[in-house]
Amino acid sequence: MEPQEQHIPVTRTARYYQLGEPGPHLKRVWFVLHGYGQLASYFIRHFDVVHDSTTLVIAPEALSRFYNDGVNGRVGATWMTKEDRRNEINDYLNYLDQLYTRIRKDIGKDVEKVLLGFSQGTATAWRWLKQGTLNPDHFINWAGNVPQEMNETWAERLRGVQLYTAVGTQDKYISPELADLLVDGLRNLAPDLVDLRFPGEHRMDRPTLRKIAKKIVESA
């Protein structure tokens, strides 16, 4: 007799970090999703150039952690793997929706919402946009590709969303040619897409992040 795969829903504790405090003073809130092997506590430090007295930054941490090197040392987190893929996606979407519900209670209805995904976090961000309760005003695809299931039906969810892409010119995962293909495909869904390239590798870039933040403030 072959073993049969079974599933059971469980409750667990998720971790997130924030810069700033929720409240009626806020003009915008950023949700920033880290890449593979990172932790939210380190990833959120890039956003000191975004945070100010009217801006809240929320960095959720992926649910699965692991040692990056062997069985000890530096720890990282991942949003999902190919194993039990559908359930892992559903779990992190439920988690992100619960987090947004928690934050939404303490911010005004008119607060601008920014969603950023970096590297592996871009696919997570796209799926959250498509299937979750967050309706961002701005979406930033940073150094990552879109999910395989991305197609023209996503255009409806992108209506009214300002889309940005950012990638380094020496990114080992996304060549300039691949970046061009990505931008061309996304422009079919969002013609006003803002495409930003910076000199560097697969990383966040503070000057580019500051430039996007300025555009967001000026568009309000």
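**Labels and the values behind them**

Reply: Helix H6, residues 206-219, has 14 residues and reaches 20 Å from its first C-alpha to its last, which is close to the 20 Å expected at 1.5 Å a residue. Please keep in mind throughout that this is a predicted model.

Me: What makes the buried residues of H6 lie on the same side?

Reply: The buried residues of H6 are Thr208, Leu209, Ile212, Ala213 and Ile216. They cover an arc of only 140° around the axis, and therefore they are placed on the same side of H6. An α-helix has 3.6 residues a turn, so residues three or four places apart point the same way. On the other side of H6, Lys214 and Glu218 are exposed.

Me: Which strands do the buried residues of H6 pack against?

Reply: The buried residues of H6 pack against strand S2 (28-33), S6, strand S7 (138-142), S8 and strand S9 (194-198).

Me: Why is Thr165 called buried?

Reply: Thr165, which has its place in strand S8 (residues 162-168), has a relative accessibility of 3%. The label buried requires a value under 20%, and so Thr165 counts as buried. Leaving aside neighbours within four places in sequence, Thr165 is in contact with Asn141, Val183, Leu186, Leu193, Val194, Asp195 and Leu196.

Me: What makes the pair Thr165 and Asp195 a polar contact?

Reply: The side chains of Thr165 and Asp195 are joined at 3.1 Å, and the cut-off for such a pair of N or O atoms is within 3.5 Å, so the pair is listed as a polar contact.

Me: How do you know that Arg15 and Glu61 form a salt bridge?

Reply: The N to O distance between the side chains of Arg15 and Glu61 is 2.8 Å, and the rule asks for a side-chain nitrogen of Lys or Arg within 4 Å of a carboxyl oxygen of Asp or Glu, so the pair qualifies. Arg15 lies in the segment before strand S1 (16-19), and Glu61 in the loop between strand S3 (55-60) and strand S4 (64-69), so the pair ties together parts that are 46 residues apart in sequence. With a relative accessible area of 32%, Arg15 is partly exposed, whereas Glu61, at 1%, is buried. Arg15, Glu61 and Arg65 are linked in a network of salt bridges, and by this rule the count comes to ten salt bridges.

Me: Why are Arg159 and Glu156 called exposed?

Reply: The label exposed requires a value over 50%; Arg159 has a relative accessibility of 58% and therefore counts as exposed, and Glu156, at 52%, counts as exposed too. Arg159 and Glu156 form a salt bridge, with the closest N and O atoms 2.3 Å apart.

Me: What makes Asp84 stand in the list of residues with a positive phi?

Reply: Asp84 has a positive phi of about 50° although it is not a glycine. Asp84 is placed in the loop between strand S5 (72-78) and helix H2 (85-104), and at 32% relative accessibility Asp84 counts as partly exposed. Ser119 also has a positive phi, near 55°, and is a residue other than glycine.

Methods:
Residues are numbered from 1 along each chain as its sequence is written. This is a predicted model: local features need pLDDT of at least 70, side-chain atom pairs count only at pLDDT 80 or more; totals for chains, interfaces and linings use all residues. Side-chain values use heavy atoms; hydrogens and water are left out. Helices (H or I, at least four residues) and strands (E, at least two) are DSSP runs, numbered from the N terminus. Buried means under 20% relative accessible area, exposed over 50%, partly exposed in between (1.4 Å probe, protein chains only). A polar contact is a pair of N or O atoms within 3.5 Å; within protein, one must be able to donate a hydrogen and the other to accept it, and residues adjacent in sequence count only if both atoms are side-chain atoms. Contact means heavy atoms within 4.5 Å. The expected span of a helix is 1.5 Å times one less than its number of residues. The arc is that of the directions from the helix axis to the C-beta atoms.
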